[in-house]
Amino acid sequence: MPEIKVMDHPLILHKIGIIRKKETGSKEFRELIGEIAMLMTFEATRKLELEDVEIETPITKTKVKQLKGKKVAIVPILRAGLGMVDGMLTMIPAAKIGHIGLYRDPKTLEPVEYYCKLPEDCANREIYVVDPMLATGGSSSAAISMLKNKGVKNIHFMCIIAAPEGLERLKKEHPDIDIYIGGLDEKLNENGYIVPGLGDAGDRIFGTL
């Protein structure tokens, strides 16, 4: 069954509290985004299957666990999603990376695609679509639809902050995916920003305020 999980780990919640502060600078913000993504990856990969393999320790032969079957790919939604990749690679260094470029039309608030580059074998991988913010849900839903159109079936979505409106849209349009959320906020404002949120994650990650 698809899983929707809002994180409750103390370290995740503590670090989210720091990135919400308007005085947190780009360097610290960027580092914390990576750390939160790393911690969330620990939770979001809990359902990956294992298998037994025989190895030899310095003492004797024994059976150990290793990841089974499908490998992992991380697909950030550009540009803010890039801030989560390094933290996730700390946990899954062999993961391949894809990129989906979408921007939100300021008038309609709907996503417009401008770039898509994925691993050739993405249809055979566990795909983690990542974006720090799930606001209206338009970009995330469009990115997931793009992946499905390319034959991807095993899709998980990770975000650090979500609005209820975005979560409901994602659940409605893609009821078959796992969703992992760092913090679920109150609402969207009239400009489509998450409240209380943390502002524009891309601008804060890359220092383009």
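1. Helices (H or I, at least four residues) and strands (E, at least two) are DSSP runs, numbered from the N terminus. By that scheme D200 lies in the loop between β13 and α6, and I194 lies in β13 itself (residues 194–195).

2. The model is predicted, so local features need pLDDT of at least 70 and side-chain atom pairs count only at pLDDT 80 or more, while totals for chains, interfaces and linings use all residues. Residues are numbered from 1 along each chain as its sequence is written, and side-chain values use heavy atoms, with hydrogens and water left out.

3. An unreviewed UniProt entry places a "binding site" at I194, G199, D200 and A201; such annotations may be inferred rather than shown by experiment.

4. I194 counts as buried because its relative accessibility is 8% (buried is under 20%, exposed over 50%, partly exposed in between; 1.4 Å probe, protein chains only). Beyond its neighbours within four places in sequence, I194 is in contact (heavy atoms within 4.5 Å) with residues including M133, I161, D185 and L188.

5. D200, at 31%, counts as partly exposed. Not counting residues up to four places away in sequence, D200 touches R79 and Y193. The side chain of D200 also reaches the backbone nitrogen of G202 at 3.0 Å.

6. A nonpolar core is a set of buried Ala, Val, Leu, Ile, Met, Phe, Trp, Tyr and Cys residues joined through side-chain atoms within 4.5 Å. The largest has 35 residues, of which I19, M40, M158 and I160 touch the most other members. The biggest contribution to this core, seven residues, comes from α2.

Note on methods:
A polar contact is a pair of N or O atoms within 3.5 Å; within protein, one must be able to donate a hydrogen and the other to accept it, and residues adjacent in sequence count only if both atoms are side-chain atoms.
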